[in-house]
Amino acid sequence: MTLRLEVLPTPRWAEGVADELTDRVRANPRLRMCLASGHTPTPVYQALVSGGASLADSEVLLLDEFIGLPIGHPGRCESMLRRQLIDHVEVGRFHRIDVVAPDLDAECVRIDAIARDGIDLAVLGLGFNGHLGMNEPGSEPHDSTRVVELAQETRDGSARYGIDSPLDHGVTVGMAPLLAASEVWLLVTGDRKRGILQRVLEGPVGPECPASYLREHRNAVVWADNAAAGT
């Protein structure tokens, strides 16, 4: 098991990753995906939309969601993924995370069951503290989908999404179902991510850097641009 590093030229990074994703869908139209929202995957989703991608027979599971934002708020992870992809292509089924459900524990169990039913491909971003989704430092490989307390870096970073008051909690698909996915992609761009990427690839494997657990996955790939890889 190893974490493979694939470096694409920065100007073509998004198109290259989108081409790979399109190939996966062509090979398996019923692909079950867990998708991140946020800034890093945005150009990939834009390239999919521009290329006329169809996910008509595929399933998409939202990776995570902030707690405390009203439905429709532009900073919600669901809102971002809808703007970036879901509202622009045909999708067979989209599984959102209902963080205003009356029984949030039951909602976590529901999402966990969907994830554990089999994720063919998890497309993830890399946090500056090594988190995957909202699996913050301290997360373990056996962790299920759950309510989490957000790390300070994540709270501070939420301002980039138009969130005025930093949020304290969220719901995230857990490390266990992510690590059970048939294939995992970690998308990393920009020189600001170079240090944490090096830590993921070469540092100790453990809960201090949850993304490091991908080095123990049977089929995980880092799709990095030149800036993040330092090449």
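1. On a 1 Å grid over the protein atoms alone, a pocket is an open set of points where a 1.4 Å probe fits, with protein on both sides within 12 Å along at least five of seven lines, and its lining residues have an atom within 4 Å of a point. Grid points are joined across faces, edges and corners, and a volume is the space filled by probe spheres set on the points.

2. This is a predicted model, in which local features need pLDDT of at least 70 and side-chain atom pairs count only at pLDDT 80 or more, while totals for chains, interfaces and linings use all residues. Residues are numbered from 1 along each chain as its sequence is written, and side-chain values use heavy atoms, with hydrogens and water left out.

3. The second largest pocket holds about 210 Å³ of space, and 14 residues line it, with Thr22, Arg26, Leu48, Gly51 and Ala53 nearest its centre. Helix H1 (13-27) and helix H2 (42-50) each supply at least two residues of this lining, and H1 gives the most, with seven; helices (H or I, at least four residues) and strands (E, at least two) are DSSP runs numbered from the N terminus. By type, the lining divides into seven nonpolar, four polar and three charged residues.

4. Seven strands form an open sheet in the order E1-E10-E9-E6-E2-E3-E5, with parallel pairing, where two strands pair if DSSP finds at least two bridges between them. The edge strands, each pairing on one side only, are E1 (3-8) and E5. Neighbouring strands of this sheet are turned by 20° against each other on average, direction ignored. Within the sheet, E6 (residues 121-125) and E9 (residues 183-188) run parallel and are joined by five bridges, and Leu124 has Leu186 in E9 as its bridge partner.

5. Helix H3 (residues 77-86) is mostly covered, since eight of its 10 residues are buried, that is, under 20% relative accessible area with a 1.4 Å probe and protein chains only. Among the buried residues are Cys77, Met80, Leu81 and Ile86, and their cover includes E2 (32-35), H2, E3 (55-62), E4 (64-66) and E5. H3 lies across E2, E3 and E5, running at about 155° to E3; such angles run from 0 to 180 degrees between N-to-C directions, with axes fitted to C-alpha atoms, for helices over the stretch in contact.

6. His95 belongs to strand E5 (residues 91-95) and is buried, with a relative accessible area of 7%. Not counting residues up to four places away in sequence, His95 touches Glu59, Val60, Leu61, Leu62 and Ile114, contact meaning heavy atoms within 4.5 Å.

How values were computed. Ala, Val, Leu, Ile, Met, Phe, Trp, Tyr, Cys and Pro count as nonpolar, Asp, Glu, Lys and Arg as charged, and the others, Gly among them, as polar. Buried means under 20% relative accessible area, exposed over 50%, partly exposed in between (1.4 Å probe, protein chains only).
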